[in-house]
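Here are some notes for a colleague who is opening this structure for the first time. Please read them with the model on screen.

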Amino acid sequence: FLRENTTPEDRIFVGGHSAQVYWLAERKAPTRFFDSFPVEQEASYRRERDRDLQDSPPKAIVIMPNTPPDEFVRDLITRLRYQLAFEERGARVFLRF
């Protein structure tokens with residue numbers, strides 16, 4: 001779905017611990033953090049990630065099953081009016097139009 005609905009230049013954000021989605025979709029992360037482990041452990045990393053997402057919002061936000069988005073990502077989805085574009089087995093993809 002991501003390869004069909006984004007271009008190779010588009011950045012995507014994958015919430016949680018599913019960094020393989022970037023590789024499988026052949027897309028890059030919008031920040032240097034392609035996994036949530038560092039941002040969960042270090043507050044300065046979370047601030048940097050949030051600032052980068054705000055400054056350069058991704059084309060798509062992917063929320064994997066059993067990985068609820070953190071408050072900042074939920075707010076970003078709402079504030080920038082991302083639309084739910086795909087859902088399968090608990091995985092959801094929100095696109096920014």
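Does Phe 86 count as buried, partly exposed or exposed? Phe 86 counts as partly exposed, at 27% relative accessibility; buried means under 20% relative accessible area, exposed over 50%, and partly exposed in between, with a 1.4 Å probe and protein chains only.

This is a predicted model, in which local features need pLDDT of at least 70 and side-chain atom pairs count only at pLDDT 80 or more, while totals for chains, interfaces and linings use all residues. Residues are numbered from 1 along each chain as its sequence is written, and side-chain values use heavy atoms, with hydrogens and water left out.

1. Aromatic pairs. The count comes to two, where rings of Phe, Tyr and Trp (its six-membered ring) pair if their centres lie within 6.5 Å, with planes under 30 degrees apart taken as stacked, over 60 as edge-to-face and the rest as tilted. Phe 1 and Phe 86 form a stacked pair, because their ring centres are 4.7 Å apart and their planes stand at 20°. Phe 1 belongs to the segment before α1 (2-5) and Phe 86 to strand β3 (residues 83-88), so this pair ties together parts 85 residues apart in sequence. Helices (H or I, at least four residues) and strands (E, at least two) are DSSP runs, numbered from the N terminus. Phe 1 is partly exposed, with a relative accessible area of 31%.

2. The tilted pair. The rings of Phe 33 and Tyr 45 have centres 5.3 Å apart and planes at 40°, so they are tilted. Phe 33 sits in the loop between α2 (20-25) and α3 (37-41), and Tyr 45 in helix α4, so parts twelve residues apart in sequence are tied together. Phe 33 is buried at 7% relative accessible area, whereas Tyr 45, at 33%, is partly exposed.

3. Helix packing. The axes of α4 (residues 43-55) and α5 (residues 71-79) come within 11 Å and cross at roughly 10°. The two helices are therefore roughly parallel to each other, a label for angles under 35 degrees. Arg 49, Asp 50, Leu 53 and Gln 54 of α4 meet Phe 72, Val 73, Leu 76 and Arg 79 of α5; contact means heavy atoms within 4.5 Å.

4. Ala 91. This residue is found in strand β4 (residues 91-95) and counts as buried, at 16% relative accessibility. Leaving aside neighbours within four places in sequence, Ala 91 is in contact with Ile 63, Met 64, Pro 65 and Phe 86. Ala 91 and Val 62 lie 29 residues apart in sequence and 7.3 Å apart in space, C-alpha to C-alpha.

Technical notes. Axes are lines fitted to C-alpha atoms, for helices over the stretch in contact, and angles run from 0 to 180 degrees between N-to-C directions. Angles under 35 degrees count as roughly parallel, over 145 as roughly antiparallel, 65 to 115 as roughly perpendicular and the rest as oblique.
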